[in-house]
Each structure stands twice: as C-alpha cells, then as structure tokens.
Amino acid sequence: MPSSFLLQASLWGQIFEIAVKRGVLLHLIHQKLILDNHPVLEPWQAIANAKIENELVRTLKLTDPNARAWAGTMVRHLLVLGYGLGWTAMRECLKHSPVRQAKLEAIWCPLTLPGQLSVSDEEIEKEKTARAFQAAFNLPGNPDRALVYQGQPGRADFLLWLSADEKTEGNFTSHSARFLTRKENKNKRQKFENLILCLEFSYNAPANLADFSNETPHREEINRYARYIDSRGVFSRVCAEVEGNEFLLSSKLANHLSAFSSSDKPLFKLCQASSYTERLIHLLRVRDHIKGACSARAIAVTSNGFESLAAHFMDREPEAEPRARLMKSLGEAYRNLHKLSDDAPDELQKEISLVFNKLLGSLPETFKQQAKQIKQLPDLGSDLHFLFQENVEGFYSPMQEILRADAIAAVEETEELREFFGGSPQSKFAVALDRNSQQDEQIPLRQVHAAAVVAGLNAARTGKLNVIALEGNPGIGKTTAVMDFLKQQSQGFLFLYVSPRVVINRSVTANLARESGNATGILTLTSNANLITAAPKWYEQQVEKHGWDNRRIDSGVVVDGIEELARPNCSTVFLTPEQEHEIDCNVISSTRYKRSRSERDDSVESIQRPGVLLTLAGAARRLLEVNPQV
C-alpha cells in the first residue's frame, strides 16, 4: 500500500470505533433508551457499510482490485467484531448500573469517517464540536472551545448520561453497585440519580493484517480476544500491598504516562476516559444539571480487551470514595500529559530513555551498575535475558546450618502440642530429625523444617481429621518434605495437591512418579483446564494420523508412576508426560464454536468441558477399576 503504516493504523482505528459505536447505539435502541428518531442517530442511519469501505479505499489510494478486495474483507471483519464488542459492553454496563428504571438525559456519539479530518480543519472543527457538544447536553451559550481542550469532555469518543425516571419507583442500586458512606445508616441503600458512562477506543493495527475472506480468521480473532478478556487487566500484574483504602496513580508514573503505554494503550485510554468522565460530572454540577450522588464508569475498549473503572461521586470535596479519587488522579495525569507528536517518532524514544535514567537513579547501587547493561538492547526478535544479583545482609538460607540442640530446643513444650503428638514434642521432633541427619551436630535449616513436617505427619491419628498448616517462603522444602514422607509409606495413600501453578503441579507429580528415570510404583494423575480443553482436538489428530479408535473425548489426564498401566476406554484420554508436552507445544484449542441460528444469523457459543476435580476423580476411579493391582 502506498500509504504510511501510521496512516493505515489511524484509518483502521476509525473503522473499529465506528463498529463499536454501532453496537452501543443498537443496544440502547434495543433497551428503548433511544428512540429511532433521536437526533444522535441521524448521521448513523445515513451511513452504509459500502460508504465506509469506499472512504477507506479512497484515503489509502488503493487501485489494485486484489488490494481493494482484501481491504473490504478487513472492513467487514472489524464491523462485525466491533459491533459485538459495543453491544456487549453496553449490555453489561446497563446490567450493573446503579440507576434503575433509567431514562436518557444526553448522549455524545460523534461519527467520523475514515480520513475525514485533516490538520487544516482542526480550528474550524473545534468550534463545530463545541457547539454540537453543548447542544447534546443542553448547555446554552456561545461555543466554548475549552470543552475540546485536552482531557475535556468534548474530546470524548462516547459519553452517556442516564438519570432515574421520576415516574417510576424502586430506584435502588443493584447488588453489584451498592455503596454506603461511613456517616450514613448502614442499613440504608445509597441512591444514585445519575450515571455517567464514557467509552474510549484504541485499535492496535497489526503490521500484517489477516485475510478475512474465509471464516477461519474471524473465529481465531474472536477466540484470541476472548482469551485476552479472560486473562488480562491493566492492574492485573500489580503485585503490591495496599494499606488503608487508597490506590492512587504515582506522580512518577503520571509524569511519564506515554512511556508506560503499551501498544494497545489500555492504561493511557483508561486515563483519558477517566478525565472525560470526571470533567463532565464537574461541568454538569457547575451548571446545576446534576445534584447529589452520581455514579460513573470509564471504559477503554481496545483491540486486546476492556479496561474499566467505576466510581461513585458523592458531591463533596474531597471525594469520600477511594475509586472516585483514583479516577480523578488518572484524569489529571492525562490532562497534564505532554502529548508526543506522531510526526516525530524519536520523541517517544527520548521519553523512554528519560524514564529509564530516572528508574536507574532510584535503584540500589548494586543493582544500578548491573542495570546499565539494559541500555544495550539486542535487535528486535532476539532473546532478552538479564540476571541481577545482590548480597542481602541478615538473610537466612535454607542450607544454612544450625546446632542440632538449638533446633530441638526451639520446639515448644505446650499442653496442646503434647496432646497432638501424644508425648513430648521435642522427643518426637528429635526422632524425625535424626532419621535424616544421623545425629549430626550441624544441620541445615531445610532438614530442620522437613523434620518438623514429618513429625507432624507421624502424629496423625487414624479416623480423625488431622490438619497441619505449613507456612513459609517458596523453596524451603515444604512440599518436598511431604513427598519424602509419602514415598516412605508401605501402605496406599491418597495425596491431593492443588495449585494454580501448572509448572509446579508437573514437578510435584514427576518427583512422586519417577526416581532416576524409573517408575516408583506411585500412581500420579494431573490435569488442568487448558489440557482438558485441548485433549479432544489432539485425540482427533491421532485418529487421523495413526488410526486410533474414533471415540468421543471430552477431557485429558496425565498418568505416570506405574509401568504397563491399562488405560480405560472412556471419554477421558490418558496421556504420558511426553504427550502432554506435545499438546502444550502444538495444539491450540478453544471451547467456543459457531452455531447457526438461521440462514443469516450465527452465534459463538461455548462447550461445557468437565472441571479439573471432576476429571481427576472420574479418571482415578476408572483406572483403579481396570488396574486392581494398584
């Protein structure tokens, strides 16, 4: 294409925005919040898909028929995907709205076709936008250009103002949006007469766009989007402890917001939406359009998921609710932002370098010297690996040795422990300690911890619920001590290990099932949601490639530890660890599928796979039935 990638990305972003707005508007019509003759719909009703496609082709200056046909498939894909996102976003917002029996007060939903605006039009467009915005929100007076300054509501992609219909009763909050102020009666529900909703859009156009002339890329894109929605969030990787009820944007982060924005800009767009939302509430209060408590929600709709922040503004300063203060701080960060020029790509690199130097200066001296090497980044596409080390004073290593007598003396001799152990706690602990250390005078802390675990397990009584809680940092030997104890048992046992970390689960079962590569005779079963989802597709591939029996498979379990184990013929496929690795590397599957509802309508629905515990329980029962020797 003759056009620059930056221009192409902007155009695709405009089409994405049009598509999402269509879905939003149609859902509002579906809910009867907007009538078909509402003025906001007039430009939208006059625009057809062909017009959008033609504007894109004209702006990109496409003349080749194949390129035009390819662009048309991408346009139609975005229009369908965006429509679904808009409908879904508005549906969920209204479902959880604290304003019940709502009516429409105002809506701001400008329509901009691909390539419609140019730099020369900006000053004229500002006055035109300000006039249209004031008309939409019933704000009399001459056009106020301040409404379209950076961070002001006239610059918003979409704004919605709903109020409680005075003709109806029962204006109570939904169960997910109740809020009680500290000074009010706790038995009284807080009423919200108004809801302000803001949507901001960002489409991160890939460098190589897929060919959407057939159905498969559509399904893959929707599945990819669904996985992002399920797994990510702009605050999902914030590992911090929060004291009190505050969570505000750091000034160091706010001053360099552009440098911390990823390609699809979820945090940046959330700050932008927060600014428009909070400033609109302030404006409507100044004009006496809103009084009392007001609920608000800012949503960033990006090509890689939604980011949302809800808050309740209580019409007092400072705002009582922490989320309202957070929204204000995000909005203020965006308004104070120095916007980088698209025509000067080096500006972003300079901003990133500035932030890096500031971060470098705040590190401890040991880390500072090591972190300087990050400046020498490798080429794009190559591996990036750094290892930082620091000697920490006063840290106890699990392999640090202590005196045997001190370890035994550290065990308390209380009545509760005497009752639990059925004798002296120190004597029981000493027996477990000497079993592994041969009465050495110096014993590593790891062995001391293991001995405490084993002593507690030895004290367990048959026919009684025994609970032993193990607490400590990763790597000190908690799980290893339990597994070593189990391996020494002469009778059968059931050991259920539950962890969200799939890699750790594999390590635990592998250590129980194998020693020096040989089976231990301990039957191990492990599974996870991803394996259960991918197992049916993998089994279908084996039927096609190797002629396996064609049967219905709905789940998968990894089995190990016993040689020549008979596999039951059931809906669960029993895998070796090597087959599990093959699935992880080569099989991408999803529980979603397309269902035809009519000649013109399809829907994406989900297959209900069995859960992990149900799968493991059923697999264990069937394995024991066909392997009575276990």
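Good morning, everyone. Please keep in mind that what you see is a predicted model.

Let's start with the sheet. How many strands form it, and in what order? There are five strands, and the order is S1-S2-S3-S4-S5. The sheet is open, and its pairing is mixed.

Let's go to the S1 side. S1 pairs with strand S2, which covers residues 158–164. The pairing is antiparallel, and it runs over six bridges. Here is one pair to find on your screen. Ala102 has Ala164 in S2 as its bridge partner.

Now the helices around the sheet. Helix H8 spans residues 266–286 and packs on the sheet. Which strands does H8 touch? H8 touches S2, strand S3 (194–202), strand S4 (294–302) and S5. The direction of H8 makes about 150° with that of S4. Then take helix H9, residues 322–335. H9 lies across S4 and S5, and it runs at about 120° to S5.

Next, the S5 side. S4 and S5 pair in the antiparallel sense, over nine bridges. A hairpin joins S4 to S5, and two residues make the link. Here is another pair to find. Ser295 stands opposite His312 in S5.

Is S5 largely enclosed or largely open? Seven of its nine residues are buried, so S5 is largely enclosed by the rest of the structure.

On to salt bridges. How many are there? The count comes to 22 salt bridges. I will show you three.

Where do they sit along the chain? Both are in helix H3, residues 49–60. They are three residues apart, so about one helical turn separates them. Arg58 has a relative accessible area of 52%, so Arg58 is exposed. Lys51, Glu55 and Arg58 are linked in a network of salt bridges.

The second pair is Lys95 and Glu92. Their side chains meet in a salt bridge, at 3.1 Å from N to O. Lys95 and Glu92 belong to helix H4, residues 65–95, and being three residues apart puts about one helical turn between them. Lys95 is partly exposed, at 45% relative accessible area. Glu92 is partly exposed too, at 27%.

Helix H11, residues 365–371, holds both residues, three apart, with about one helical turn between them. Glu365 counts as partly exposed, at 49% relative accessibility.

Which phi does Lys61 have? Lys61 has a positive phi of about 60°, although Lys61 is not a glycine. You will find Lys61 in the loop between H3 and H4. Lys61 is at 63% relative accessibility, so Lys61 counts as exposed.

Asp288 is the other one. Asp288 has a positive phi of about 60°, and Asp288 is not a glycine either. Its place is in the loop between H8 and S4. Asp288 is exposed, with a relative accessible area of 55%.

Last stop: the surface. Which residues form a nonpolar patch there? They are Leu496, Val498 and Leu613. Together they have about 340 Å² of accessible area. Leu496 lies in the loop between helix H16 (478–487) and helix H17 (502–513). Leu496 is exposed, at 57% relative accessible area.

That's my tour. Thank you.

Definitions and conventions. Residues are numbered from 1 along each chain as its sequence is written. This is a predicted model: local features need pLDDT of at least 70, side-chain atom pairs count only at pLDDT 80 or more; totals for chains, interfaces and linings use all residues. Side-chain values use heavy atoms; hydrogens and water are left out. Two strands pair if DSSP finds at least two bridges between them. Helices (H or I, at least four residues) and strands (E, at least two) are DSSP runs, numbered from the N terminus. Contact means heavy atoms within 4.5 Å. Axes are lines fitted to C-alpha atoms, for helices over the stretch in contact, and angles run from 0 to 180 degrees between N-to-C directions. A salt bridge is a side-chain nitrogen of Lys or Arg within 4 Å of a carboxyl oxygen of Asp or Glu. Buried means under 20% relative accessible area, exposed over 50%, partly exposed in between (1.4 Å probe, protein chains only). Patches are made of residues with over 30% relative accessible area and no salt bridge: like charges are joined within 9 Å, nonpolar side chains (Val, Leu, Ile, Met, Phe, Trp, Tyr) within 5 Å. Accessible areas come from the Shrake-Rupley method with a 1.4 Å probe; for residues, only the protein chains shown count as cover.
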